[in-house]
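Subject: A structure for you to look at

Hello,

Here is the structure I promised to pass on. Please open it first, and then read my notes below with it in view.

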Amino acid sequence: MAKKILLDCDPGLDDALALLLAHGDPNLELVGVTTVGGNVGLDRTTANALALREYIGFDRVPVSAGASEPLLGDTREASHVHGESGLGTITLPTPVLPLSDVHAVDFIIETLRATPGAVHLVATGPLTNIALALKQEPAIARWAASFTIMGGSFTRGNATPAAEFNIYADPEAARIVFDADWQVVMVGLDLTLQAQANGPVVERLATLGTLADELILPLATYWVDTTNADWDGQAVHDVCAVAYVARPDLFASRPALVRVETRGEFTSGETVVDFDAPFPNAVVPVELDVAGFWAYVEHVYRLVATNHV
């Protein structure tokens, strides 16, 4: 039976690729998409989700808009990475299908309430919607079949030397999420930077035809990190979070206690990870089967490409 997945996201280059994986894997059932301000503003992340829904073909999946700003502090975005629209150079057709009139927070709560233990919640943007849902209904921590995020790290940041962007964008929300009564699977930078769309990967993706030319390759090759000597291709961070739900066997993970720094002058948004704590609140993937990961992702993308018109 396919695993049901609810994806809270801020599309975003790699969020778009994660949506493609969540829709295309026959062993996953995408039951909802909720949007949050993050990589770009909420108006753009929502417009991107709506356009991607029709272009990729998950027409019956509701899309709900959520929080436009963090719980506290200034709004932060990453258009310098994702482009002003959030999707790099891509321009998709204007969507026709409507946005849901249910707020993302209410959609998350009601979806998990309706089928406790059946829906895997995945968050690939700032955790504002999830924190607000927890504050409104703490029981979602029990109702979710699992909860996986793309965010954080145990060695480094990308928004600052200490903090990964999704946590840095709303550290107060992240603290609420990690302090809740569930196990967070933290798919952080240390893992996702192993999933780079390097030259050989791009060559293989290029064989997927129109879908590759119009969507996959522009999304997977837009960002070039000229400051990183180890850069071998754009990392598909958010794809890893969806892949974890579908194929946890591709990841080597460790239990850990994760705390979120919210007040440090230089460390706000840092995830402080203790792998030796006696009472862990998280599972942290640390090593990726890179060849197996790309074989899985490419297989799913090929399935979508075959049916794409």
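Let me begin with a helix on the sheet. Helix α8 (residues 171-179) lies across β5 (146-150), β6, β9 (251-260) and β11, and runs at about 115° to β9. Helix α12 (residues 237-246) also packs on the sheet, where it touches β1, β2, β4, β5, β6, β9 and β11. The direction of α12 makes about 160° with that of β5.

Before going further, a word on what you are looking at. This is a predicted model, in which local features need pLDDT of at least 70 and side-chain atom pairs count only at pLDDT 80 or more, while totals for chains, interfaces and linings use all residues. Residues are numbered from 1 along each chain as its sequence is written, and side-chain values use heavy atoms, with hydrogens and water left out.

Some terms will come up throughout. Helices (H or I, at least four residues) and strands (E, at least two) are DSSP runs, numbered from the N terminus. Touching, packing or contact means heavy atoms within 4.5 Å. Axes are lines fitted to C-alpha atoms, for helices over the stretch in contact, and angles run from 0 to 180 degrees between N-to-C directions.

The sheet

The sheet is open and has 9 strands in the order β3-β2-β1-β4-β5-β6-β11-β9-β10, with mixed pairing. Two strands pair if DSSP finds at least two bridges between them. At the edges are β3 and β10 (271-274), each of which pairs on one side only. On average, neighbouring strands of this sheet are turned by 30° against each other, direction ignored.

With β11 (residues 282-288), β6 pairs in the parallel sense over 2 bridges, and Val185 stands opposite Val283 in β11. With β5, the pairing of β6 is also parallel, over 4 bridges; here Val185 is the bridge partner of Thr148. Which way do the residues of β6 point? Val184 and Met186 point one way, Val185 and Val187 the other way, and all are buried. Buried means under 20% relative accessible area, with exposed over 50% and partly exposed in between (1.4 Å probe, protein chains only).

Helices against helices

The axes of α5 (128-136) and α8 come within 8 Å and cross at roughly 55°, so the two are oblique to each other. For reference, angles under 35 degrees count as roughly parallel, over 145 as roughly antiparallel, 65 to 115 as roughly perpendicular and the rest as oblique. The crossing of α5 and α8 is left-handed, a term used if the near helix is turned anticlockwise from the far one by less than a right angle (right-handed if clockwise). Thr128, Ile130, Ala131, Leu134 and Lys135 of α5 make the contact with Ala173, Ile176 and Val177 of α8. These residues divide into 6 nonpolar, 1 polar and 1 charged. In this count Ala, Val, Leu, Ile, Met, Phe, Trp, Tyr, Cys and Pro are nonpolar, Asp, Glu, Lys and Arg are charged, and the others, Gly among them, are polar.

Helix α1 (residues 13-24) and helix α11 (residues 210-221) also have axes that come within 8 Å, crossing at roughly 135°, and are therefore oblique to each other. Leu13, Ala16, Leu17 and Leu20 of α1 meet Leu211, Ile216, Leu219 and Ala220 of α11. That contact has 8 nonpolar, no polar and no charged residues.

Val304 is found in helix α13 (residues 290-307) and is buried, with a relative accessible area of 7%. Leaving aside residues up to four places away in sequence, Val304 touches Leu20, Gly24 and Leu211. Val304 and Leu21 are 283 residues apart in sequence, yet 8.8 Å apart in space, C-alpha to C-alpha.

Thr45 sits in helix α2 (residues 42-57) and is buried, with a relative accessible area of 0%.

Gly12 is in the loop between β1 and α1.

Enjoy exploring!

Best wishes
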